[in-house]
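Visitor: Please give me a close look at a single part of this structure. State the cut-off behind each term as you go.

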Amino acid sequence: PLHSFFSNTSMQSNVSWIESESDVSKLSGEECNPLVNPDPPRECTETQTSEKRALQGQPEFTVNASVEYRSEDWGIYRLLYGTVGREIAAAGVDGLPDIYKERRDQLDLVWTGEIEIFDTPLDAKVAIENLVDDRFLQTQGGEAVERYETGVRFSFGVSYKF
């Protein structure tokens with residue numbers, strides 16, 4: 001019955017919205033004076049394009065969600081979704097724009113349960129990851145600088161507890 005289906009189903013999610021700012025001004029002073037410091041840090045000679053920007057590697061948001069169905073006879077089925085917002089992969093220098101890692105969505109399906117082989121109880125797991133095969137994309141100034149797909153990944157595992 002429908003009531004049994006819903007009593008065995010659970011959903012979870014979490015969402016994070018992040019605002020960050022980095023103030024990266026060009027270094028000056030004694031640490032950049034070649035007479036005082038013969039090996040000055042690169043920040044002395046390299047000018048970042050944006051002095052104020054989001055933190056490098058910090059996405060604007062993250063979202064994770066899952067739906068799980070538990071069956072006493074057939075095991076546990078999970079559908080997992082995750083996405084991470086746009087983030088700076090590398091800060092732009094000397095007038096070049098920042099390089100962004102663009103948003104990517106991932107959808108996975110996982111089954112875990114018990115199986116019996118030769119009268120031996122085993123725990124089993126089957127996973128299909130990246131069902132939508134969304135691409136990885138990095139852009140700079142609106143142009144793609146790196147793009148690739150990893151494909152859909154299948155895995156199967158068996159374990160025995162003793």
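Guide: Strands S8 (residues 104-117) and S9 run antiparallel, joined by 9 bridges. Two strands count as paired if DSSP finds at least two bridges between them. The elements themselves are DSSP runs, numbered from the N terminus: strands are E runs of at least two residues, and helices are H or I runs of at least four. This is a predicted model, in which local features need pLDDT of at least 70 and side-chain atom pairs count only at pLDDT 80 or more, while totals for chains, interfaces and linings use all residues. Residues are numbered from 1 along each chain as its sequence is written, and side-chain values use heavy atoms, with hydrogens and water left out.

Val110 has Ala127 in S9 as its bridge partner. Now follow the chain to the turn. S8 and S9 form a hairpin, with 2 residues between them. Phe118 lies in this loop between S8 and S9. Phe118 is not a glycine, yet its phi is positive, about 50 degrees. How buried or exposed is Phe118? Phe118 counts as exposed, because its relative accessibility is 82%. The classes are set by relative accessible area: buried is under 20%, exposed is over 50%, and partly exposed is in between (1.4 Å probe, protein chains only).

S9 has a further partner. S9 and S12 pair in the antiparallel sense over 7 bridges. Ala124 stands opposite Val158 in S12. A side-chain link joins these strands too. Arg153 and Glu129 meet in a salt bridge at 3.6 Å, N to O. The two residues come from distant parts of the chain: Arg153 sits in strand S12 (residues 153-159) and Glu129 in strand S9 (residues 120-129), 24 residues apart. A salt bridge here is a side-chain nitrogen of Lys or Arg within 4 Å of a carboxyl oxygen of Asp or Glu. Side chains of opposite charge can pair when their charged atoms come close.

The structure holds 7 salt bridges. Two others share Glu68. Glu68 meets Arg70 at 2.8 Å, N to O. Arg78 also forms a salt bridge with Glu68, with the closest N and O atoms 2.6 Å apart. Glu68 is buried, at 12% relative accessibility. Arg78 is partly exposed, at 26%. Arg70 is partly exposed as well, at 45%. Shared partners join Glu68, Arg70 and Arg78 into one salt-bridge network.

Ser66 counts as buried, at 16% relative accessibility. Leaving aside neighbours within four places in sequence, Ser66 is in contact with Ser10, Met11, Gln12, Leu79 and Leu80. Contact means heavy atoms within 4.5 Å. Asp108 is 42 residues from Ser66 in sequence, but 9.4 Å away in space, C-alpha to C-alpha.

Next, the surface. Met11, Val67, Leu79, Leu109, Leu131, Val132, Val152 and Phe154 form a nonpolar patch, with about 720 Å² of accessible area together. Patches take residues with over 30% relative accessible area and no salt bridge; nonpolar side chains (Val, Leu, Ile, Met, Phe, Trp, Tyr) are joined within 5 Å, like charges within 9 Å. Areas come from the Shrake-Rupley method with a 1.4 Å probe, and for residues only the protein chains shown count as cover. Val132, one of the patch members, is in the loop between S9 and S10. Val132 is partly exposed, at 47%. Asp133 belongs to the loop between S9 and S10 too. Asp133 has a positive phi, near 45 degrees, and is a residue other than glycine. Asp133 is partly exposed, with a relative accessible area of 24%.

S10 belongs to an open sheet of 4 strands, in the order S6-S7-S10-S11, with antiparallel pairing. Strand S6 (87-90) and strand S11 (143-148) are the edges; each has a single partner strand, so one side of each lacks a neighbour in the sheet. The twist averages 30 degrees from one strand to the next. Axes are lines fitted to C-alpha atoms (for helices, over the stretch in contact), and angles run from 0 to 180 degrees between N-to-C directions. Inside this sheet, S7 (residues 99-101) and S10 (residues 136-140) pair antiparallel over 3 bridges. Tyr100 stands opposite Thr139 in S10.
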